[in-house]
Amino acid sequence: MSRVATQVIGQRTRSEYRGKEWAKQAAIVVTASLFVALCARVTVPLPFTPVPLTLQNFGVLAVGLLLGSRRGFAALALYLVEGAFGLPVFSPAILGSGITHLVGSTGGFLMAYPLVAFVAGYIYEHSSRRFAWAALSAVAAELVLFAGGLSWLAVLTHSVSLAIRYGLYWFVFAEVIKVLMAAAVSARWHQKTSV
């Protein structure tokens with residue numbers, strides 16, 4: 001076989017590999033966005049706040065910790081696009097669909113999701129991949145989440161104290177559990193895959 005023919009075959013093989021790898025990564029991102037949508041279906045409306053209790057934040061943290069910063073960000077950006085176009089991916093406890101969710105009481109939390117996944121993934125992928133680091137990464141990401149969510153609630157309610165009452169007090173215990181669950185899942189996953 002000539003040298004030119006060998007180079008052509010090599011380029012074709014690399015091109016096919018890149019195409020398969022791109023398709024694999026795209027499938028992972030799409031699947032992750034659907035996982036968060038499934039988590040959003042597990043929701044409990046609370047009568048004393050417009051923000052429902054949902055498993056969605058666990059999904060966001062898990063995606064960030066498991067996929068890393070870039071793919072986590074991409075998955076949650078895709079999730080927001082899916083929801084903005086009216087796909088039923090957001091929590092069903094809130095009336096309306098599509099853009100209504102993004103400008104409603106949970107809009108600040110939703111819009112922060114890509115950054116939350118990025119922060120969780122970035123810190124964790126630059127660590128020892130142990131449970132403590134996963135938990136620390138998730139806590140840092142939660143700070144970003146609540147900064148976005150409470151800021152938006154403050155804009156809507158014209159009151160920082162109301163925003164904190166509606167968007168923080170009722171959720172602290174549940175968020176601690178979600179952080180620990182996401183950290184445990186990701187630490188266990190990385191421990192299994194690194195062996």
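On a 1 Å grid over the protein atoms alone, a pocket is an open set of points with protein on both sides within 12 Å along at least five of seven lines, and a cavity is a set where a 1.4 Å probe fits but cannot get out. Grid points are joined across faces, edges and corners, and a volume is the space filled by probe spheres set on the points. The model is predicted: local features need pLDDT of at least 70 and side-chain atom pairs pLDDT 80 or more, while totals for chains, interfaces and linings use all residues. Residues are numbered from 1 along each chain as its sequence is written, and side-chain values use heavy atoms, without hydrogens and water.

**Exercise 1. Describe the fold in outline.**

Step 1. Count the elements, taking helices (H or I, at least four residues) and strands (E, at least two) as DSSP runs numbered from the N terminus. The protein has 8 helices and 2 strands.

Step 2. Read their order. From the N terminus it is α-β-β-α-α-α-α-α-α-α.

Step 3. Take the extent. The C-alpha trace spans about 75 × 40 × 25 Å along its principal axes.

Step 4. Check burial (buried: under 20% relative accessible area; exposed: over 50%; partly exposed: in between; 1.4 Å probe, protein chains only). Of the 195 residues, 42% count as buried.

Step 5. Check contact range, with contact meaning heavy atoms within 4.5 Å. Among contacts with a separation of 6 or more, 69% join residues 24 or more positions apart.

**Exercise 2. Characterise the largest pocket.**

Step 1. Its volume is about 190 Å³.

Step 2. List the lining, meaning residues with an atom within 4 Å of a point. It consists of Ala27, Ile28, Thr31, Ala32, Phe35, Ala62, Val63, Leu66, Leu67 and Trp189.

Step 3. Assign elements. Two or more lining residues come from each of α1 (3-41) and α2 (56-67). The largest share, 5 residues, belongs to α1.

Step 4. Sort by class: Ala, Val, Leu, Ile, Met, Phe, Trp, Tyr, Cys and Pro are nonpolar, Asp, Glu, Lys and Arg charged, and the others, Gly among them, polar. The lining has 9 nonpolar residues, 1 polar and no charged.

**Exercise 3. Is Ser33 buried or exposed, and which residues does it touch?**

Step 1. Ser33 sits in helix α1.

Step 2. Ser33 counts as buried because its relative accessibility is 0%.

Step 3. Leave aside neighbours within four places in sequence. Ser33 then contacts Ala75, Leu78, Tyr79 and Glu82.

Step 4. Look for a polar contact (N or O atoms within 3.5 Å; within protein, one able to donate a hydrogen and the other to accept it; residues adjacent in sequence count only if both atoms are side-chain atoms). The side chains of Ser33 and Glu82 form one of 3.0 Å.
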